[in-house]
Amino acid sequence: MQPRNMSMSGVVDLAAVKAAQEAKAKAEQARAEAARQGGGAAGAAITPASLVIDVDEAGFERDVLQRSTEVPVVIDFWAEWCEPCKQLGPLLERLAQEYNGRFLLAKIDVDANQMLMQQFGVQGIPAVFAVVAGQALPLFQGAAPEAQIRQTLDQLIQVGEERFGLTGLVVDGDGDGDAQGEQAPAAPEVPAGPHDALLEAAVQALDAGDLAGAVRAYKNVLSDDPANTEAKLGLAQAELLQRVQGLDAQAVRKDAADRPADVRAQIAAADLDLVGGHVEDAFGRLIDAVRRTAGDDRDAARVRLLELFEVVGGDDPRVTSARTQLARVLF
């Protein structure tokens, strides 16, 4: 197992929409299978005690990767000799109970699981990561204040819900499930949304390299539902890929370097920067273009910058920082 996409602030994931669709499909399949089996699998009610689990290398795929298709999994890397871990661990366990199934806490003893520690790039403990729909990301390191942890968890849960359709776990509040001879109710089946077919068509178009078809499908969704987060993200990504398709990267970058005052050259280079994962370079290039220009050129650079914000996502800290820089330049 090799964790991937190790940060919400990492390289732009141009397959995010596809990953979201796959995560939703896996979660729905797991819930359906649980219903057929009468519980004991994903989607069935669990006890509050089951919200905190010990995980090792052998069970990581089952207990973390598979579970992350239905609920965000928060990972606490700890060790018995680590004093800050003794402060943070109980706090995370209490929050897992309080959040009541909105995330699952997986505790990993680094002394017994060196390979997982290395694969996640843990430099010191306590270290807290999360896995959402199979994608790993770092949250924080050290014994952070409770208010900061809550804010981080809230953001994680929001990303899981909005981007990947993760609705969490059903928790049996009495903690006895079948003890009274009654089976905990399965999670209600979530009906397909009115735009699911169009969103699936867009993903299939992307897979086939039909960028124009993907753009049309996403626009069709947004014409009826302008606030659809998944369609907005997908459209921004598909349009970006469409713009850079067929470009000679070397020629575009040379043109931008030779003509720093040419806004169109800077815009094209910024698109390539973003596709290559150089997010801050792309933002900085366009902010500089806005600073140096006026009129239509300035507006073109500003509009493209806002479009790239949509690709990265408004919850990314680099977008927040770039918005602040843009405001300073404009006002």
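Strands β4 (residues 127-132) and β5 run antiparallel and are joined by six bridges. Two strands are counted as paired if DSSP finds at least two bridges between them. Strands (E, at least two residues) and helices (H or I, at least four) are DSSP runs, numbered from the N terminus. In β5, Gln135 stands opposite Val132.

This is a predicted model, in which local features need pLDDT of at least 70, side-chain atom pairs count only at pLDDT 80 or more, and totals for chains, interfaces and linings use all residues. Residues are numbered from 1 along each chain as its sequence is written, and side-chain values use heavy atoms, with hydrogens and water left out.

**The sheet.** Five strands form an open sheet in the order β1-β3-β2-β4-β5, with mixed pairing. The edges are held by β1 (52-54) and β5 (135-141); each has a single partner strand, so one side of each is left without a neighbour in the sheet. From one strand to the next, the twist averages 25°. Axes are lines fitted to C-alpha atoms, for helices over the stretch in contact, and angles run from 0 to 180 degrees between N-to-C directions.

The table lists elements of the structure with their residues.

| Element | Residues |
|---|---|
| β2 | 73-78 |
| β3 | 104-109 |
| α3 | 83-99 |
| α5 | 146-164 |

**The helices.** Helix α5 lies across β2, β4 and β5, and runs at about 165° to β5. Contact means heavy atoms within 4.5 Å.

Helix α3 has 17 residues, which should span 24 Å at 1.5 Å a residue; its end C-alpha atoms are 25 Å apart, which agrees. The expected span is 1.5 Å times one less than the number of residues. Among the buried residues of α3 are Leu88, Leu91, Leu92 and Leu95. Buried means under 20% relative accessible area, exposed over 50%, and partly exposed in between (1.4 Å probe, protein chains only). The cover over the buried residues of α3 includes β1, β2, β3, β4, β5 and α5. After α3 comes Asn100, with a positive phi near 55°.

**The disulfide.** There is one disulfide in the structure, a disulfide being a pair of cysteine sulfur atoms within 2.5 Å. Cys82 and Cys85 form it, with their sulfur atoms 2.4 Å apart. Their link is right-handed, with 80° about the S-S bond. Both Cys82 and Cys85 are buried.

**Aromatic rings.** The structure holds six aromatic pairs. Rings of Phe, Tyr and Trp (its six-membered ring) pair if their centres lie within 6.5 Å; planes under 30 degrees apart count as stacked, over 60 as edge-to-face and the rest as tilted. One aromatic cluster is formed by Phe60, Phe77, Phe120 and Phe129.
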